[in-house]
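Q: I am new to this structure and would like a close look at one part of it, the nonpolar surface patch. Could you walk me through what makes it up and where it sits?

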Amino acid sequence: MGTSSSDSSAAPRNGLLKAAVVCFVVGVVAVLAIFLTPVVTDGKPGLVLYLLTLAWPLGFALAIAFALRSGRRARNGDRT
């Protein structure tokens, strides 16, 4: 019964981690698609694939932000 308040506070933190993982995976898949496009179609990869590769570092940055925020909350919880 007392876990309902902690469940609601855990949801935003998990949302940041999920967004980081999704961005990271989209970026990795886009990089793989760039390398596989010439092999499969004998054409050049489109601009969209190059723009999607920017999700890779974005996901990495979001993961770092998640780690910093979760570490800060854990540390603040120990002091009180």
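A: Let's start with a term: a residue is buried under 20% relative accessible area, exposed over 50%, and partly exposed in between (1.4 Å probe, protein chains only). F24, at 33% relative accessibility, therefore counts as partly exposed. This is a predicted model, in which local features need pLDDT of at least 70 and side-chain atom pairs count only at pLDDT 80 or more, while totals for chains, interfaces and linings use all residues. Residues are numbered from 1 along each chain as its sequence is written, and side-chain values use heavy atoms, with hydrogens and water left out.

Now to the patch itself.

Where does the patch sit? Helix α3 (residues 55-79) gives the most to it, with 4 residues, whereas F24 lies in helix α1 (residues 3-41). Helices here are DSSP runs of H or I, at least four residues long, and strands are runs of E, at least two, numbered from the N terminus. The protein has 3 helices and 0 strands.

Helix α3 also holds A63, whose C-alpha atom is 7.6 Å from that of L16, 47 residues away along the chain.
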